[in-house]
Amino acid sequence: MLGNRFATRINSFASAAHDYWAGQQAKPSLEQMIRRAATVPGLTELDLNYPDHVGGDPAAVAAMVRDCGLQISGLAMRYYTNPAFKRGAFTNPDRAVRREAIDLTKRGIDAARAMGAPMMTLWLGQDGFDYAFQCDYQRLWADEVEGIAEVAAHDPDCLISIEYKPNEPRSYSLLRDAATTLLAIDEAGADNLGVTIDFAHALYADEQPANAAAMVMRRSRLLGLHLNDGYAKRDDGLMVGAVHMQATLELLAEVKRGGFDGAVYFDTFPDASGLDPVAECAANIRTVRRMLAAVERMEGDNRMADAKARHDPVTAQEIAQLALSGGVLAA
């Protein structure tokens with residue numbers, strides 16, 4: 001059931017380290033961050049990055065997480081181990097570097113399975129371009145799709161979710177929006193592929209997040225839901241509902257309608273502002289729970305469906321606003 005599982009970004013829990021670990025000069029260890037995350041009321045699981053957080057013994061890391069009362073919802077690939085990845089991972093012009101990225105991803109998938117995690121998230125932010133005439137677009141696309149297909153085939157029982165983002169670190173990301181990502185998944189043709197929607201990424205891809213989710217669920221599978229907020233210019237990583245309350249509410253309503261029951265993952269950056277990550281994550285959980293209660297109120301009001309059928313935003317907006325405040329529209 002949507003709202004029973006909440007996950008978060010483990011690196012957030014290095015925030016304000018000097019206050020939490022008084023006198024400690026070194027960067028907090030992975031175990032310290034996990035133990036701190038486990039104090040968040042309502043948090044059920046974590047996503048970890050590969051290879052950053054896993055090291056040589058995935059089972060030991062998984063046991064560390066479980067010993068703190070949490071689960072691992074999945075791993076997320078990071079392509080930083082070789083500086084050459086800046087020119088691309090699956091699309092790198094050097095065939096040896098490209099092979100290194102693909103093989104690294106396969107090892108990450110093996111690690112996820114060894115940890116009992118069902119999913120690997122691919123954010124291929126290095127795959128893209130910065131200049132006109134920099135690359136052969138047809139070749140770039142073919143390399144991307146072939147790489148995705150190869151890693152998906154490595155373990156058909158492991159879900160592979162592609163997280164899109166318009167840019168950063170490249171000026172133009174190859175997988176920049178929902179439609180482009182769905183095209184890549186269609187061409188790759190693997191049953192274990194799906195999409196992760198990150199709310200802030202969708203905003204600055206100039207998407208309405210609920211519409212993007214509807215298209216994903218129509219043509220593929222929504223495997224990951226990353227909530228945060230921002231001003232639609234970059235990946236701000238603000239708290240859930242801080243700027244776009246109605247759009248967040250609509251996204252939750254749409255994914256619930258589509259049957260998504262995975263973990264709600266908070267991809268927020270309390271460390272960027274020095275916030276207390278425990279308080280910030282707990283507030284995000286409370287916000288989502290209030291929004292899901294509002295979704296239930298709207299589901300119980302047939303006038304919302306009627307308003308949508310008539311394309312009547314006046315009535316629909318009022319119903320949504322009242323649902324957030326705990327009320328219902330008078331007959």
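Reader: What lines the largest pocket, and which residues lie nearest its centre?
Author: The largest pocket is lined by 23 residues. E250, M298, M304, K308 and A316 lie nearest its centre. Keep in mind that this is a predicted model.

Reader: What makes a residue part of that lining?
Author: A lining residue has an atom within 4 Å of a point of the pocket. For the largest pocket, 23 residues pass that test.

Reader: Which helix gives the largest share of the lining?
Author: Helix 9 does, with seven residues. Helix 9 (245-257), helix 11 (277-299), helix 12 (302-309) and helix 13 (313-324) each supply at least two residues. The pocket has a volume of about 640 Å³.

Reader: Why is P93 called partly exposed?
Author: The relative accessible area of P93 is 48%. Buried means under 20%, and exposed means over 50%. The value for P93 falls in between, so P93 is partly exposed.

Reader: Where does P93 lie?
Author: P93 is in the loop between strand 3 and helix 4. P93 and R139 are 46 residues apart in sequence. In space they are 9.7 Å apart, C-alpha to C-alpha.

Reader: How do you know that strand 3 pairs with strand 4?
Author: Pairing needs at least two bridges. Two bridges join strand 3 (residues 71-77) to strand 4. The strands therefore pair, and they run parallel. A76 stands opposite T121 in strand 4.

Reader: What makes the crossover from strand 3 to strand 4 right-handed?
Author: The chain goes from strand 3 through helix 4 (residues 95-114) to strand 4. Point the strands away from you. A clockwise path over the helix counts as right-handed. This β-α-β crossover is right-handed, so its path runs clockwise in that view.

Reader: How many bridges join strand 4 to strand 6?
Author: Four bridges join them. At least two are needed, so strand 4 and strand 6 pair. Strand 6 covers residues 159-163, and the two strands run parallel. M119 stands opposite L159 in strand 6.

Reader: Which way do the residues of strand 4 point, and are they buried or exposed?
Author: M119 and T121 point one way from strand 4 (residues 119-122). M120 and L122 point the other way. All are buried, which means under 20% relative accessible area.

Reader: How is the protein divided?
Author: Domain 1 is 6-289, and domain 2 is 301-330. Their C-alpha centres lie 33 Å apart.

Notes:
Residues numbered from 1 in each chain as written. Predicted model: local features only at pLDDT ≥ 70, side-chain atom pairs only at ≥ 80, totals over all residues. Heavy atoms only, no water. Domains from an automatic or database assignment. Buried < 20%, exposed > 50% of the residue type's maximum accessible area, 1.4 Å probe, protein only. 1 Å grid on protein atoms, 1.4 Å probe; cavity = no way out; pocket = protein on both sides within 12 Å on 5 of 7 lines; lining within 4 Å. Points joined across faces, edges and corners; volume = space filled by probe spheres on them.
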